[in-house]
Amino acid sequence: MHTKKDEYILAIETSCDETAAAVIKNGTEVVANVVASQIESHKRFGGVVPEIASRHHVEQITIVLEETFEQAKMTVDDVDAIAVTEGPGLVGALLVGVNAAKALAFAHNKPLIGVHHIAGHIYANRLVEEFTFPLLALVVSGGHTELILMREHGKFEVIGETRDDAAGEAYDKVARTLDLSYPGGPQIDKLAQIGKEMIDFPRAWLEEGSYDFSFSGLKSSVINTIHNATQRGEVLKKEDIAASFQASVVEVLTEKAYQAAKKYQVKQVIVAGGVAANQTLRKSLTDKFDQEPVALLIPPLWLCTDNAAMIGAAGSIAYTLGHRSDWFLNANPGLDIELYGRR
Ligand code: KG4
Ligand code: ZN
């Protein structure tokens, strides 16, 4: 009997402030997964400092790779291909991963596969459950807020995107105004759970039928409300501001995802990116899709924030589709996901 050989992908991710590597078996099974976070180093600056991020990646990449092979009980010769995030992200950070992947692939004669970071966030869900098309992905990360329609593996249609700030960015900026440390998203989430929705912040619905988002008006409204209260000598509770702000973000994200899912009659709705870790968003989407004939997929928390397992999952699909990068592969901070899918 002929049995298909198992496929192993080594994946590397260094687009922002996590140095990460993973080994993924047959596209869906995590064999090893190592994430070295730099959050502590960036905290005192209130955000990610690109130069510091690059330096950390250089220091960490070899250690992270060694630990990954140790966990997997494998060497680089045992993998079928090497996948790496080529963009979007911070150019100096991406370069560290791209060069490590190129060096390993060249030295060990392995195929090299450049992966789009957001495709990775989306494919994190495939480590939990198989995809059923057409599907809608609600992408909510630090740099991206998008509704992406997928009719088949590896192809992405952006049907809505933010016109200004990303959801995670709004979270981090509001958190800064509230004197919360970086990254602000998880802290606002925690405070919101004990706060009351006392302030009616705006919801940017935009034109009828649009699946685009806008969070800069909300962000300014929150910041103005805090400043005005301070000038009047009033004290607003941080937890109430957090709850009110979060209610606005979650309502818009949930409603737009719901409308788009209906319009495109998708079979699955998947949530992707760091903000997918948000408790209120998870609950709101679960409630909204509860009675609908649509399967809702929300990844576990460790798959929401940046990791390399998701890059391996997306890399495996690219490998199966025959995508190969050459030795000119470069960091591409502005890589477009639709163009990436048309390779
Ligand atoms: O996907 P990610 O790890 O990095 C990017 O690709 O951008 O997302 C990071 C973002 C940050 O803005 C962080 O504040 C936000 O995700 N985040 C959250 C939560 N956990 C992380 N936002 C809201 N609630 C959370 N629980
Ligand atoms: Zn990310």
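The second largest cavity in this predicted model has a volume of about 40 Å³. Lining this second largest cavity are Pro202, Arg203, Ala204, Phe213, Ser214, Phe215, Leu218, Ser248 and Val252. Sorted by class, that lining holds 6 nonpolar, 2 polar and 1 charged residues.

The count of cavities of 30 Å³ or more comes to 2, and the largest cavity has a volume of about 50 Å³. The helices α4 and α11, the latter spanning 309–320, each give two or more residues to the lining of the largest cavity. The greatest contribution comes from α11, with 3 residues. Among the residues lining the largest cavity are Ala119, Tyr123, Phe156, Ile317, His323 and Tyr340. What is the class make-up of this lining? The residues divide into 8 nonpolar, 2 polar and no charged.

I turn now from cavities to pockets. The second largest pocket holds about 180 Å³ of space. Its lining includes Trp205, Leu206, Glu207, Glu208 and Tyr211, together with Glu255, Lys256 and Gln259. By class, 3 of the lining residues of the second largest pocket are nonpolar, 3 are polar and 4 are charged.

The largest pocket has a volume of about 1100 Å³. It is lined by 40 residues, of which Ser141, Gly142, Asp172, Tyr182 and Gly274 are the closest to its centre.

At least two residues each come from α4 (117–123), α5 (167–177), α6 (184–194) and α10 (301–304). Of the contributing elements, α5 gives the most, with 6 residues. The class totals for the largest pocket are 15 nonpolar, 16 polar and 9 charged residues.

Finally, I come to ligand 1. Ligand 1 is surrounded by 19 residues, and the closest are Gly142, Asp172, Asp189, Gly274 and Asn278. Which residues make the polar contacts with ligand 1 that I wish to show? A polar backbone atom of Gly142 is 2.8 Å from an oxygen atom of ligand 1. In the case of Asp189, a polar side-chain atom lies 3.0 Å from a nitrogen atom of the ligand. For Asn278, an N or O atom in the side chain is 2.9 Å from a nitrogen atom of ligand 1. On its own, ligand 1 has 560 Å² of accessible area, and the protein covers 89% of that area.

Technical notes
Residues are numbered from 1 along each chain as its sequence is written. Chains are lettered from A and ligands numbered from 1 in the order in which they are written. This is a predicted model: local features need pLDDT of at least 70, side-chain atom pairs count only at pLDDT 80 or more; totals for chains, interfaces and linings use all residues. Side-chain values use heavy atoms; hydrogens and water are left out. On a 1 Å grid over the protein atoms alone, a cavity is a set of points where a 1.4 Å probe fits but cannot get out, and a pocket is an open set with protein on both sides within 12 Å along at least five of seven lines; lining residues have an atom within 4 Å of a point. Grid points are joined across faces, edges and corners, and a volume is the space filled by probe spheres set on the points. Helices (H or I, at least four residues) and strands (E, at least two) are DSSP runs, numbered from the N terminus. Ala, Val, Leu, Ile, Met, Phe, Trp, Tyr, Cys and Pro count as nonpolar, Asp, Glu, Lys and Arg as charged, and the others, Gly among them, as polar. A residue is near a molecule or strand if one of its heavy atoms lies within 4 Å of it. A polar contact is a pair of N or O atoms within 3.5 Å; within protein, one must be able to donate a hydrogen and the other to accept it, and residues adjacent in sequence count only if both atoms are side-chain atoms. Accessible areas come from the Shrake-Rupley method with a 1.4 Å probe; for residues, only the protein chains shown count as cover.
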